[in-house]
Amino acid sequence: MITQQTTESALEKKIQREPILKVEGLKKYFFPKKSIGEEQKVVKAVEDVSFELYKGETLGIVGESGCGKSTMGRSLLRLIEPTEGKVFLEEKDITNLNRKELRKARKNIQMVFQDPYSSLNPRLRIGNILEESLKIQGIGNKNERTEKVLEILNLVGLNEAQYYRFPHEFSGGQRQRIGLARALIVNPKVVVCDEPVSALDVSVQAQIINLLRNLQNTLAVSFIFIAHDISVVRHISDRIGVMYLGHLVEEATTDELFANPKHPYTKSLLSAVPLPNPDVKKERIILQGDLPSPINPPSGCVFHTRCPMAIDICKSVSPKRTKVSNTHGVKCHLNESV
Ligand code: SF4
């Protein structure tokens, strides 16, 4: 009990800190090419997403494929331009920086991609790939950069002999370590990890997740960890945000979300998580139908077409975020009346 209380108060302390990243009303719409006479379609990939990321924490973002979580992650760094909304990095709005200012700001916010192989130049040796990140930010002279590369290779569990190897000479797990090294070498404050373990074998996934946790303790960096598997997200996250069709429908500390989920979509995700005790049975909530298209999202609550708890108002009125606790918010009409 003492241990649990200590952990809870440590977490409470952690999330009361100043946010390092603040996202307000982020939207990303795509406008696909239209034929003559055809009405312009709008793909609403990210819709009015707001959250804060605190110093030294990991915020997991979970949701099924096509829910907009990766688009949201890329919009934070302006790898794709947000349509609307603000992103504050250490209180500085990075949504209206020019190219030069943005390049400078990216020293403090980096990204790790799902497929490290396609994001590594196959013609460059790993040492040169890593050094490139330092050059772009104007960090150090040649000797200092080499030293930093060797240091980061060690930190991510690779060795100095691998400095001269090419990307194709590494396994999937090793390439993801290189992806992490490339993001961390410039000493960022925030790293957005977009499905960093989805393409890896389960045993390698665990290694990378442990590595991320160790690196966070060593470097005091904050992570946004995007994944579709809530069991994976649980292992690394202090807090979790659940996305559905471009909306952030619920966010809470990891313990709170697992103990007291409020949104029917979160409940369905959690019902699919296997229990460690095979004798304990739980009811699986199987959603009907597929994720609707973001081109023509359902009216009202976007989840109403699949929600087993939907009521009349859900078809026409979009739910607002309501507070369950200081660290738990949800967008669902059922919670508004509580
Ligand atoms: Fe379901 Fe209605 Fe809640 Fe949406 S607002 S999650 S449709 S109950």
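Predicted model: local features only at pLDDT ≥ 70, side-chain atom pairs only at ≥ 80, totals over all residues.

Which residues touch the most other members in the largest nonpolar core? I found Leu130, Leu180 and Phe225, out of 58 residues in that core. A nonpolar core here is a set of buried Ala, Val, Leu, Ile, Met, Phe, Trp, Tyr and Cys residues joined through side-chain atoms within 4.5 Å, and buried means under 20% relative accessible area with a 1.4 Å probe, protein chains only. Helix 7 (residues 202–219) gives the most to this core, six residues; helices are DSSP runs of H or I, at least four residues, and strands are E runs of at least two, numbered from the N terminus. I also noted a second, separate core of 29 residues, including Leu26 and Ile224.

Residues count from 1 along each chain as its sequence is written, and side-chain values use heavy atoms, leaving out hydrogens and water.

Next, aromatics. I get four aromatic pairs (ring centres within 6.5 Å, Trp by its six-membered ring; planes under 30 degrees apart are stacked, over 60 edge-to-face, the rest tilted). Tyr265 and Phe303 pair edge-to-face, at 5.4 Å centre to centre and 65 degrees between the planes. Tyr265 sits in helix 10 (residues 264–271) and Phe303 in the loop between helix 10 and strand 11 (321–325), 38 residues apart. Both Tyr265 and Phe303 are buried. Ring pairs also bring Tyr244 into a cluster with Tyr265 and Phe303.

Notes: Buried < 20%, exposed > 50% of the residue type's maximum accessible area, 1.4 Å probe, protein only.
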